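Please keep the sequence and the model in view while reading.

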Amino acid sequence: MKLLLVEDDKALGRLLKKGLEEEGFFVDWVSNGLTAQQYLEENSYEVIILDLMLPKQDGLSLLESLRKQGINTPVLILTAKGSVEDKVKGLNAGADDYLAKPFAFEELVARIKALIRRQHGIAQGIISFGDVSVDIVKQRVEFKGQELELTGMELKLLMLLALNSNKVLSKTYIAQKLYGWEYAPDSNVIEVLISRLRKKIDPQGRYIKTVKGLGYILKI
């Protein structure tokens, strides 16, 4: 799950990036609105965490511009401007949630996960198929009722497939989501990761399918 953090306070930006990555997110951090616009033109994100008081282009203007361009990525405004009037302006401009500083980090994480669940239409945050149950909120997997140990990348891959179930995901898309870089044609890192995941949760290949020339799909 890839996030874009737009925050010009360097100390807070470093802290949030580190904390969110420890929670299992991949985070791109930029410090002004213009750079954020460039990142959004080149990448896709699950959620944008947006400060309002930014250099070069303020957060509200950026938000309005994104919505006019048809970019519907969920936006969580994170700002010191916490008055009711400011909240109304932000929500009316197209924000999906609003959290005023100072804030509890645990609440920020919970709100991000709620936005992701809402985006994918998963009310309880649990996706099940066969003997497998994926808890998006707690980031844990059960196989036949028992918690299953997965590596960090295996878990991220499974969550990515689950959140996009019944959709074909290209190797490039998966690599960009998991590692933040474009897929190299001669690299087999995604194939290896898929193979390891299949052995643990889908040895008969009923759910994780290879679509030749296109990528992979989790069929539910």
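Two residues are said to be in contact, or to touch, when heavy atoms of theirs lie within 4.5 Å. The model shown here is a predicted one. Val75 is found in strand β4, and because its relative accessible area is 1%, Val75 counts as buried.

When residues up to four places away in sequence are not counted, Val75 touches Ile48, Leu50, Leu63, Arg67, Ala95, Asp96 and Asp97. Arg14, by comparison, stands 61 residues from Val75 in sequence, and the C-alpha atoms of Val75 and Arg14 are 20 Å apart in space.

## Helix α5

The buried residues of α5 are Leu108, Val109, Ile112, Lys113, Leu115, Ile116 and Arg117.

These buried residues of α5 pack against the strands β1 (2-6), β3 (47-50), β4 (75-79) and β5 (97-100), and also against the helices α1 (10-22) and α6 (152-163). For Ile112, leaving aside neighbours within four places in sequence, the contacts are Leu3, Leu20, Phe25, Val47, Ile49 and Leu76.

## Nonpolar cores

The largest nonpolar core has 45 residues, and Phe25 and Ile112 are those with the most contacts inside it. The largest share of this core, 8 residues, is supplied by α6.

## Cavity and pocket

Rolling a probe the size of a water molecule over the atoms shows where empty space is left. A search of the whole structure finds 1 cavity of 30 Å³ or more, and the largest cavity holds about 50 Å³ of space. Its lining is made up of Met1, Gly24, Gln139, Lys156, Met159 and Leu160, which divide into 3 nonpolar, 2 polar and 1 charged.

The largest pocket has a volume of about 170 Å³. The residues that line this pocket are Phe129, Gly130, Asp131, Val132, Phe143, Lys144, Ile201, Asp202, Pro203, Gln204, Arg206 and Tyr207. By class, the lining of the largest pocket has 6 nonpolar, 2 polar and 4 charged residues.

Terms used. Residues are numbered from 1 along each chain as its sequence is written. This is a predicted model: local features need pLDDT of at least 70, side-chain atom pairs count only at pLDDT 80 or more; totals for chains, interfaces and linings use all residues. Side-chain values use heavy atoms; hydrogens and water are left out. On a 1 Å grid over the protein atoms alone, a cavity is a set of points where a 1.4 Å probe fits but cannot get out, and a pocket is an open set with protein on both sides within 12 Å along at least five of seven lines; lining residues have an atom within 4 Å of a point. Grid points are joined across faces, edges and corners, and a volume is the space filled by probe spheres set on the points. Ala, Val, Leu, Ile, Met, Phe, Trp, Tyr, Cys and Pro count as nonpolar, Asp, Glu, Lys and Arg as charged, and the others, Gly among them, as polar. Buried means under 20% relative accessible area, exposed over 50%, partly exposed in between (1.4 Å probe, protein chains only). Helices (H or I, at least four residues) and strands (E, at least two) are DSSP runs, numbered from the N terminus. A nonpolar core is a set of buried Ala, Val, Leu, Ile, Met, Phe, Trp, Tyr and Cys residues joined through side-chain atoms within 4.5 Å.
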